[in-house]
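Please read them with the coordinates open.

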Amino acid sequence: MNTERRRQLSSAEERRETVLRTAIGAFAARGYFGTTTTEVAKAAGISQAYVYRLFPNKEALFTAVVERCFTRVRTSLEEGAAQAQGSSPEAVLHTMGDTYAHLIADKDLLLVLTHAQAAAVSEAAVREAVRAGYARMVEYVRGASGAAEADVQQFFATGMLCHLLVSLDAHEVDAPWSRTLSAGIRHY
């Protein structure tokens, strides 16, 4: 009986992972408001009822997707901190920024984070998930880099600018505004 129960749990965990992976793509494509749990279920190859067994509602599914994306960002920042050439705050921030710039080349991740910020304006649970994600990232960056508050703020401001530049394919535009915004910013 224990073996059967473990198999069921494993199967449920696998389905949860499948739903989350599928939901990332669905929410990236259409956002929180434009995506239905029916679409996610169909793409995952399961019933909508099973999606609701795993996640009580669309809000819970979306916040789980947002948390997953923030976990990927945190992992990227950790990799950057580990690869830093030196322990100065500047060196650590620079390498973390570079690994993050590589990460947001994944358009699905970038889109989910952008949609999450937009949905946070009117959806309290999404707002809380985004707040919690940023809180964890800011504390990690502060602790891993040892940087001053202003430098941590600048790191995140540059990251937001990176989002904008990647979203607009600004590197494809040869215009004064694009050169101004892109100057010194790494994006891939």
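Predicted model: local features only at pLDDT ≥ 70, side-chain atom pairs only at ≥ 80, totals over all residues.

1. At 31% relative accessibility, Val 173 falls in the partly exposed class, and its place is in the loop between α8 (149–167) and α9 (176–182). Leu 168 is found in the loop between α8 and α9 too, and it counts as partly exposed because its relative accessibility is 44%. Both residues belong to a nonpolar surface patch of about 400 Å², to which Leu 164, Trp 177 and Leu 181 also contribute.

2. On the overall architecture, the protein has nine helices and zero strands, and its C-alpha atoms fill a box of roughly 60 × 40 × 30 Å along the principal axes. Among contacts between residues at least 6 apart in sequence, 64% join residues at least 24 apart.

3. The largest nonpolar core holds 55 residues, and Leu 61 and Leu 77 are those with the most contacts inside it. Two or more residues each are given to this core by α1 (2–34), α2 (37–44), α3 (48–54), α4 (58–83), α5, α6 (107–120), α7 (124–145) and α8, with α4 providing the largest share, nine residues. Leaving aside neighbours within four places in sequence, Leu 61 is in contact with Val 19, Leu 20, Ala 23, Phe 27, Thr 37, Val 40, Val 51 and Phe 55.

4. Thr 99 sits in helix α5 (residues 89–103) and is classed as buried because its relative accessibility of 12% is under the 20% cut-off. Beyond its neighbours within four places in sequence, Thr 99 is in contact with Ser 76, Leu 77, Glu 79, Gly 80 and Gln 83.

5. UniProt, in an unreviewed entry, places a "DNA-binding region" at residues 36–55, an annotation that may be inferred rather than shown by experiment. In the model this span is 75% helix and 0% strand, and its end C-alpha atoms lie 13 Å apart.

6. Which side chains pair by charge? The count comes to eight salt bridges, and one of them joins Arg 68 and Glu 17 at 2.9 Å, N to O. Since Arg 68 lies in helix α4 and Glu 17 in helix α1, this pair ties together parts that are 51 residues apart in sequence. Asp 106 forms a salt bridge with Arg 72, the closest N and O atoms being 2.9 Å apart, and this pair links the loop between α5 and α6 with helix α4 across 34 residues. Asp 106 is partly exposed at 27% relative accessible area, and Arg 72 is partly exposed at 31%.

7. A salt bridge within one helix deserves a separate look: the side chains of Glu 139 and Arg 142 meet at 2.6 Å, N to O, and because these residues are three apart in helix α7, about one helical turn separates them. Glu 139 is partly exposed, with 46% relative accessible area, and Arg 142 is partly exposed with 24%. Through shared partners, salt bridges join Glu 139, Arg 142 and Glu 149 into one network.

Methods
Residues numbered from 1 in each chain as written. Heavy atoms only, no water. Patch = residues over 30% accessible without salt bridge, like charges linked within 9 Å, V, L, I, M, F, W, Y side chains within 5 Å. Areas by Shrake-Rupley, 256 points an atom, 1.4 Å probe, with all protein chains shown as cover. Salt bridge = Lys/Arg side-chain N within 4 Å of Asp/Glu carboxyl O. Helix = DSSP H or I, 4+ residues; strand = E, 2+ residues; numbered from the N terminus. Buried < 20%, exposed > 50% of the residue type's maximum accessible area, 1.4 Å probe, protein only. Contact = heavy atoms within 4.5 Å. Core = buried A, V, L, I, M, F, W, Y, C linked by side-chain atoms within 4.5 Å.
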